[in-house]
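Open the model in your viewer and follow the stops below. Each one gives a selection and then what is found there.

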Amino acid sequence: MSFDARSLERLQQLGRSLPKPLPKPEAEPTPPPASQQRHRVETETDPQALFRELMQVSPDGNVPPHLMDRLRQAEADQQRQRQAEQRRELQRQNPQGPAAPGGLQPRGASNELRPNRQRRPAANSEELELYTAFQQLLLEGDEED
């Protein structure tokens, strides 16, 4: 496309009078980093302490569902942690190797019946108490029949 001298002058004049580009808007302030102080309800991991904090924060005892979910999750985490500690403790006490799931020992283990049909003696007092309680339940069941 070609311009005559007069059109070119007019375009240059208009170019000089055009407004400058608008300055870019300032970025919105960023939210505070997660490392800053938060309320204990957001940071507490102990279920009992979290429950106390929830009751202190809630004037009427109503707790939002997302915080109840957090409490349930904290309880489940604590339960899993306790179970893992118990497993580690059992493994320390009984270093024979990994136990089968459900606390049952695999076939051929020392708990199996021996050729003379006698079981091995109880290993500790807790096992002996459980065995005695089981026998009592069996006897009570026989008396009812």
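Of the 145 residues of the protein, 10% count as buried (under 20% relative accessible area; exposed is over 50%, partly exposed in between; 1.4 Å probe, protein chains only). This is a predicted model, in which local features need pLDDT of at least 70 and side-chain atom pairs pLDDT 80 or more, while totals for chains, interfaces and linings use all residues. Residues are numbered from 1 along each chain as its sequence is written, and side-chain values use heavy atoms, without hydrogens and water.

Colour by secondary structure. The protein has five helices and zero strands, in the order α-α-α-α-α from the N terminus (DSSP runs numbered from the N terminus: helices are H or I, at least four residues; strands are E, at least two).

Select residues 47-57 (H3) and 65-93 (H4). Their axes, lines fitted to C-alpha atoms over the stretch in contact, come within 9 Å and cross at roughly 165°, on a scale from 0 to 180 degrees between N-to-C directions. H3 and H4 are therefore roughly antiparallel (over 145 degrees).

Within H4, pick Arg70. Arg70 is partly exposed because its relative accessibility is 26%.

Last, go to H1 (residues 5-17) and select Leu8. At a relative accessible area of 42%, Leu8 is partly exposed.

Terms used:
Parallel < 35°, antiparallel > 145°, perpendicular 65-115°, else oblique.
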